[in-house]
Amino acid sequence: MPELPEVELTARNLRTWARGATISDARIAKTRITRGGSIDARALIGRRIASVDRRGKWLRLTLDDDRRLFSHLGMTGRWVRRTIDAPEERSERLRFDVTRRDRETSLRYLDQRMFGRLLVADEDIEEWTSLGPDPLIDGVDGRLLARAIGNRKRTIKEVLMDQAVLAGIGNIQATEALWRARIDPRTKASELSSRRLGALARAIGWTLDRTLGLEEGPEIQYVEDPGAPNPFVVYGRDGEPCPRCRTTLVRIVLGGRATVLCPTCQLNQDVE
DNA sequence: AACGGAACCTGAAAGC
DNA sequence: TGCTTTCAGGTTCCGT
């Protein structure tokens, strides 16, 4: 589920909760979350969490012995803070009890569908190093987009979601940004003018900032959480009027993913 | 090489 | 009411 904004908020939470803290206990359930490796939880006990970083949708917790814990949230992963005596939750896959200044709390990684990943490594893993530029860390503008896209011929929506092109953009952020920039998601990426790419870069900044602002708080609110209203402008709103021109928004499928667009205003026309 | 589609999972919501 | 189908914000693999 999570895209760049949710992962960024998670990184900020983990810094607040755990940076500088010592792991006093660690337990990991044996599930497919650790595929591609295995984690010896006992070997983490006693280590201090030196720093927490995010790149794209990946999190990296660096320990004081320079080993790193990598975490990808997949579709349903979330890190939460609990009291030390809170009972194990249904989808709990990893638990860290951490101590800082004599205060002990418990960090839990929850992941219902287990598409997420957890890996421990001595150095940065390929999944981390192969990520493209991150819009929040590296900034994003039309030139950078043009360079990242190169002459890729897939649709701009699919290319935007390619983590090697731009790190952190998923289905929601791509949908929202393309609507904002008035670009038809089916356009071949290499066919966008530099002017269009400039508009797209600004639109990406707009939707990321907007989503980050919506999600400030102790726990990330997902759209699909029961009772939570959809906070997005067009994502999940097919059948509703376009907020800009009132045309009914339509749903198509691109690269196997639901895509909402306005058939009237997403026509790649410059508007100033 | 590039593409569409299925697979990996669980559970909530919609459909009948 | 209860059973069935569809769908979900991610990634990877497989066959054409």
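Tutor: Contact means heavy atoms within 4.5 Å. Helices (H or I, at least four residues) and strands (E, at least two) are DSSP runs, numbered from the N terminus. This is a predicted model, where local features need pLDDT of at least 70 and side-chain atom pairs count only at pLDDT 80 or more. Residues are numbered from 1 along each chain as its sequence is written.

Student: Which elements do the buried residues of helix 5 pack against?

Tutor: Buried means under 20% relative accessible area, exposed over 50%, and partly exposed in between (1.4 Å probe, protein chains only). The buried residues of helix 5 pack against helix 1 (4-18), helix 4 (156-160), helix 6 (194-214) and strand 10 (257-261).

Student: Why is helix 5 largely enclosed by the rest of the structure?

Tutor: Nine of its ten residues (171-180) are buried, so helix 5 is largely enclosed. Among the buried ones are Asn171, Glu176 and Trp179. After helix 5 comes Arg182, with a positive phi near 60°.

Student: How do strands of a sheet pair?

Tutor: They pair through backbone hydrogen bonds, either parallel or antiparallel. Two strands count as paired if DSSP finds at least two bridges between them. Here, an open sheet of four strands runs in the order 2-3-4-8, with antiparallel pairing. Strand 2 (49-55) and strand 8 (117-121) are the edges, each pairing on one side only.

Student: How many bridges join strand 3 and strand 4?

Tutor: Five, linking strand 3 (residues 58-63) to strand 4 (residues 68-72) in the antiparallel sense. Arg60 stands opposite Phe70 in strand 4.

Definitions and conventions
Chains lettered and ligands numbered in written order. Heavy atoms only, no water.
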